[in-house]
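Subject: Structure for you to look at

Hello,

Here is the structure I promised. Please open it alongside this email, and my notes follow below.

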Amino acid sequence: GAHDDRFGNRLEAPSRGAPLNLAGRYTNLGILTTYLLDADSAMSYLQSAHEIYKREGDVKGILNTLYELAVTYYEAGQDDEVLRLYETFLEVYLSDFSDFKYKFLHLIGDLHHRKNQQEEALKFYYEILNHSVLVGDSSIVKEVLKKIAEIAYITKNEKTLFYVVEKYLKL
């Protein structure tokens with residue numbers, strides 16, 4: 001419990017918040033080091049944060065770190081890891097945290113787009129569009145529409161291009 005230190009200051013026992021604060025710091029360090037292109041440090045920080053969130057049963061933290069780890073592996077070109085993390089994500093996923101799911105779908109779409117698997121990429125992008133009403137972050141929808149337009153342009157698919165333009169103008 002709480003006690004006084006020798007100067008008479010009241011000291012609180014470490015709360016449940018302490019490990020979550022630490023996990024939050026690790027997450028931020030992981031994201032920062034991803035931007036600094038230090039993939040190994042990023043993965044290490046995010047993995048540490050992930051372990052704490054799992055121990056504390058913090059679903060939002062678990063989903064966030066899985067997503068950020070996937071981004072880091074994506075940047076490092078380790079596509080198999082990205083897909084493995086997505087599988088894990090789906091096992092833990094709760095619909096209250098749908099924005100993480102849409103960001104993840106976007107990432108998997110980008111992965112296929114980058115590998116020139118345009119049909120596969122479109123599947124993931126369309127899954128986001130089909131739920132666009134539920135996507136809290138409208139920038140995700142706009143990004144996805146741009147990607148679909150890009151694919152439509154590459155594949156000379158005018159029908160898709162018209163669809164995207166129409167959808168974009170309604171935003």
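Is Asn116 buried or exposed? Asn116 counts as exposed because its relative accessible area is 57%, over the 50% cut-off. Please keep in mind that this is a predicted model.

**Overall layout**

The chain has 171 residues, and 38% of them count as buried. Its secondary structure comes to eight helices and two strands. Along the sequence the order is β-β-α-α-α-α-α-α-α-α. Take the contacts between residues at least 6 apart in sequence: 51% of them join residues at least 24 apart.

**Two loop residues with positive phi**

Back to Asn116. This residue sits in the loop between H5 and H6. Its phi is near 65°, which is positive, and Asn116 is not a glycine.

Lys156 also has a positive phi, at about 55°, and is not a glycine either. Look for Lys156 in the loop between H7 and H8. Lys156 is exposed, with 69% relative accessibility.

**The nonpolar core**

The largest nonpolar core holds 41 residues. Val82, Phe104 and Leu107 have the most contacts inside this core. Seven helices are named as suppliers of at least two residues each: H1 (17-35), H2 (39-56), H3, H4 (79-92), H5, H6 (118-130) and H7. H3 gives the most, with nine residues.

Leaving out residues up to four places away in sequence, Leu107 touches Tyr67, Ala70, Val71, Tyr74 and Val82.

**The largest pocket**

Leu107 turns up again in the lining of the largest pocket. That pocket has a volume of about 190 Å³. Which helices supply at least two residues each to its lining? They are H3 (59-75), H5 (98-114) and H7 (138-154). Sorted by type, the lining residues are five nonpolar, two polar and five charged.

- Tyr67, Val71, Tyr74 and Glu75
- Lys103, His106, Leu107 and Asp110
- Ser139, Ile140, Glu143 and Lys147

**Tyr125**

Next, please look at Tyr125 in helix H6. Tyr125 is buried, because its relative accessibility is 0% and the cut-off for buried is under 20%. What does Tyr125 touch, not counting residues up to four places away in sequence? The contacts are His106, Gly109, Asp110, His113, Val144, Lys147, Ile148 and Ile151.

A distance to check: Tyr125 and Val141 lie 8.9 Å apart, C-alpha to C-alpha. In sequence, 16 residues separate Tyr125 from Val141.

**Thr160**

Thr160 belongs to helix H8 (residues 158-170). Its relative accessible area is 11%, so Thr160 counts as buried. The Thr160 side chain makes a polar contact with the side chain of Asn157, at 2.9 Å. Setting aside neighbours within four places in sequence, Thr160 is in contact with Tyr126, Ile148 and Ala152. Ile148 is also one of the residues that Tyr125 touches.

Ser98 is in helix H5. At 16% relative accessibility, Ser98 counts as buried. Tyr93 and Leu134 are what Ser98 touches, again not counting residues up to four places away in sequence.

Leu94 lies in the loop between H4 and H5. Is Leu94 buried, partly exposed or exposed? Leu94 counts as partly exposed, because its relative accessibility is 39% and that class runs between 20% and 50%. Leaving aside neighbours within four places in sequence, Leu94 is in contact with Val59 and Leu63. The C-alpha atoms of Leu94 and Lys60 are 8.8 Å apart, with the two residues 34 apart along the chain.

**Where to start**

Then go to Tyr125, buried at 0% relative accessibility.

Best wishes

Key
Residues are numbered from 1 along each chain as its sequence is written. This is a predicted model: local features need pLDDT of at least 70, side-chain atom pairs count only at pLDDT 80 or more; totals for chains, interfaces and linings use all residues. Side-chain values use heavy atoms; hydrogens and water are left out. On a 1 Å grid over the protein atoms alone, a cavity is a set of points where a 1.4 Å probe fits but cannot get out, and a pocket is an open set with protein on both sides within 12 Å along at least five of seven lines; lining residues have an atom within 4 Å of a point. Grid points are joined across faces, edges and corners, and a volume is the space filled by probe spheres set on the points. Helices (H or I, at least four residues) and strands (E, at least two) are DSSP runs, numbered from the N terminus. Ala, Val, Leu, Ile, Met, Phe, Trp, Tyr, Cys and Pro count as nonpolar, Asp, Glu, Lys and Arg as charged, and the others, Gly among them, as polar. Buried means under 20% relative accessible area, exposed over 50%, partly exposed in between (1.4 Å probe, protein chains only). A polar contact is a pair of N or O atoms within 3.5 Å; within protein, one must be able to donate a hydrogen and the other to accept it, and residues adjacent in sequence count only if both atoms are side-chain atoms. Contact means heavy atoms within 4.5 Å. A nonpolar core is a set of buried Ala, Val, Leu, Ile, Met, Phe, Trp, Tyr and Cys residues joined through side-chain atoms within 4.5 Å.
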